[in-house]
Amino acid sequence: NCTQATEFSLAGFTKDPATQATLFLLFLLTYLVTILGNLGMITLIRASPLLHSPMYYFLSNLAFVNLCTSTIITPRMLVGVLLGTKGMSYAGCMAQVFMIDLFVITECFLLAAMAYDRYVAVCHPLLYPLVMSPERCSQLVAGSYLLGLANGVGQTLGMSSLSFCSSSSINLFFCDISLLISLSTSDTALSLVILRTASCLLGVPTMLVVLVSYVAIISTILSISSAQGKHKAFSTCASHLTTVSTFYGALIFMYLVPRSDSSRGADKWAAVLYTVVTPMLNPLIYSLRNQEVKEAWKRLRKI
């Protein structure tokens, strides 16, 4: 006797009206900055010939992915905080799972491609034009989106066969696939296999690429004799390293760090960090720390 759930209940952050109003204004401001920052970054990169290089080609795609990730989650969260509506339809939840799984894996591969780009630029500068050719960059970006799409389709298909008969309450502000699997009353073996296989084959290798690239980069920077040369080399990687640390740090805390059920409330804030805060910070980090972006912005203003 199973009555399939047609709606899921997403947990809010608090029931206090004053705190809800504060959170709504804070998340609304964050979302507006995210939209303006990422759209501005994409527009600036496309409009400025100074930024027509592989690094900024990857960055424009990262800005697009951040824009999509934030738009998938934040508007629905704002409605829930403002109106107190927690329900999300089964179809809407599956669509959100698909889109999140698509763009999170795409971002992982874009960050790995950017780390490889910095590795070639710092460790093999003479080979950089040959290795990071426009064709190679296009292939890396297209592959990132295709692998993200494959992950989204695979995870959603694995979820489609699950039944939800008892609890339909998700202790998060969006439909997270791992929490949905734990709520299912049917056999979750296939879904767990798909989830773990995707994590091992898609998530872990991108982290290793980033790690190995930056170990090689730091080793090369330390071997540079002049302090000015070290500073110049490190400045080309600092923005990307900050972005990678924030994104992967939140993912590792949420999905890999073991903890008791009583500490699960921290999941919400870790999820806020990588789904809401990181998409806002990325364009700010790259614009504030990058001299080329500042120069391109000055030139564009003079036109």
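Modeller: A helix is a DSSP run of H or I with at least four residues, and helices are numbered from the N terminus. The model is predicted, so local features need pLDDT of at least 70 and side-chain atom pairs count only at pLDDT 80 or more, while totals for chains, interfaces and linings use all residues. Residues are numbered from 1 along each chain as its sequence is written, and side-chain values use heavy atoms, leaving out hydrogens and water.

Colleague: How are two packed helices described?

Modeller: By the angle between their axes and the distance between the axes. Axes are lines fitted to C-alpha atoms over the stretch in contact, with angles from 0 to 180 degrees between N-to-C directions. Here, helix α3 (residues 90–123) and helix α7 (residues 189–223) have axes that come within 9 Å and cross at roughly 20°.

Colleague: Are α3 and α7 roughly parallel or roughly antiparallel?

Modeller: Roughly parallel; the label covers angles under 35 degrees, and roughly antiparallel those over 145. Their crossing is left-handed, meaning that the near helix is turned anticlockwise from the far one by less than a right angle.

Colleague: At what angle do α1 and α2 cross?

Modeller: The axes of helix α1 (residues 17–47) and helix α2 (residues 54–83) cross at roughly 160° and come within 9 Å. That makes α1 roughly antiparallel to α2. The crossing of α1 and α2 is also left-handed.

Colleague: Is Met-114 buried or exposed?

Modeller: Met-114, in helix α3, counts as buried because its relative accessibility is 3%; buried means under 20% with a 1.4 Å probe, and exposed over 50%. Beyond its neighbours within four places in sequence, Met-114 is in contact with Phe-58, Leu-59, Leu-62, His-240 and Tyr-286. Pro-54 is 60 residues from Met-114 in sequence, yet their C-alpha atoms are 8.6 Å apart.

Colleague: Which side chains meet in a salt bridge?

Modeller: Those of Asp-117 and Arg-118, at 2.7 Å from N to O. The rule asks for a side-chain nitrogen of Lys or Arg within 4 Å of a carboxyl oxygen of Asp or Glu, and the count comes to one. Asp-117 counts as buried at 0% relative accessibility, and Arg-118 at 8%.

Methods
Helix = DSSP H or I, 4+ residues; strand = E, 2+ residues; numbered from the N terminus. Parallel < 35°, antiparallel > 145°, perpendicular 65-115°, else oblique. Contact = heavy atoms within 4.5 Å.
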